[in-house]
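Colleague: I would like to go through some of the labels given to residues here. For each one, tell me what it rests on.

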Amino acid sequence: MAKSAVVYWNALAPENSGKWVAVDGLSGLVEELTLSIDPETGEYTKLTRFLAGADTTSFAGKSHDYPEEVFIVSGRLYDVAFDLWLEAGHYASRPPGEFHGPFKTDEGCVVLEVSFPNRR
């Protein structure tokens with residue numbers, strides 16, 4: 001099976017604001033919107049929105065045993081692990097096991113994430 005497919009639509013348009021869901025444990029701080037997913041492999045593409053003032057320090061940083069790619073679409077996000085402000089246009093291709101986060105943002109941030117949970 002392949003990742004789900006959709007025709008063009010604007011995920012950031014106000015009329016689609018109700019499609020975003022709170023990230024478990026981060027309600028009021030971080031929301032996500034799955035754009036595409038492969039139910040067999042678990043590979044997915046999603047947007048993660050960190051709301052203005054979000055701070056995930058209490059959840060610590062993380063790593064996972066699969067690769068992922070991230071692209072900062074808008075706003076800015078501070079990655080404590082890298083001591084770096086990520087701004088619109090920043091991109092990373094993370095190898096399995098790379099530690100990242102926790103994250104903070106002052107103005108809010110939208111991140112495009114493509115993850116490959118079945119590739120180790």
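Colleague: Why does Asp-83 count as exposed?

Modeller: This is a predicted model, and in it Asp-83 has 58% relative accessibility. The cut-off for exposed is over 50%, so Asp-83 counts as exposed.

Colleague: Where is Asp-83 found, and what is its phi?

Modeller: Asp-83 is found in the loop between β4 and β5. Its phi is positive, about 50°, although Asp-83 is not a glycine. Most residues other than glycine have a negative phi.

Colleague: What makes β4 and β5 a pair?

Modeller: Two strands pair if there are at least two bridges between them; β4 and β5 (residues 84-87) have four, in the antiparallel sense, so they count as paired. As one example, Tyr-78 has Trp-85 in β5 as its bridge partner. The two strands form a hairpin with four residues between them, and Asp-83 is in the turn.

Colleague: Why is Ala-60 called partly exposed?

Modeller: Ala-60 has 47% relative accessibility.

Colleague: Why does Leu-26 count as buried?

Modeller: Its relative accessibility is 11%. Buried means under 20%, so Leu-26 counts as buried. Leu-26 lies in the loop between β1 (21-22) and β2 (30-37). Not counting residues up to four places away in sequence, Leu-26 touches Thr-56 and Phe-59.

Colleague: How do you know that Asp-79 has no salt bridge?

Modeller: The nearest side chain of opposite charge is Arg-94, 4.2 Å away. A salt bridge has to be within 4 Å, so Asp-79, although buried, has none.

Colleague: Where does Asp-79 lie, and which residues is it in contact with beyond four places in sequence?

Modeller: Asp-79 lies in strand β4 (residues 68-79). Leaving aside its neighbours within four places, Asp-79 is in contact with Leu-84, Leu-86, Arg-94, His-100, Gly-101, Pro-102 and Phe-103.

Colleague: What kind of peptide bond joins Gly-101 and Pro-102?

Modeller: A cis peptide bond, with omega about -5°. Most peptide bonds are trans. Pro-102 is found in the loop between β6 (91-94) and β7 (103-104).

Key
Residues numbered from 1 in each chain as written. Predicted model: local features only at pLDDT ≥ 70, side-chain atom pairs only at ≥ 80, totals over all residues. Heavy atoms only, no water. Buried < 20%, exposed > 50% of the residue type's maximum accessible area, 1.4 Å probe, protein only. Lys, Arg positive; Asp, Glu negative; His and termini not counted. Contact = heavy atoms within 4.5 Å.
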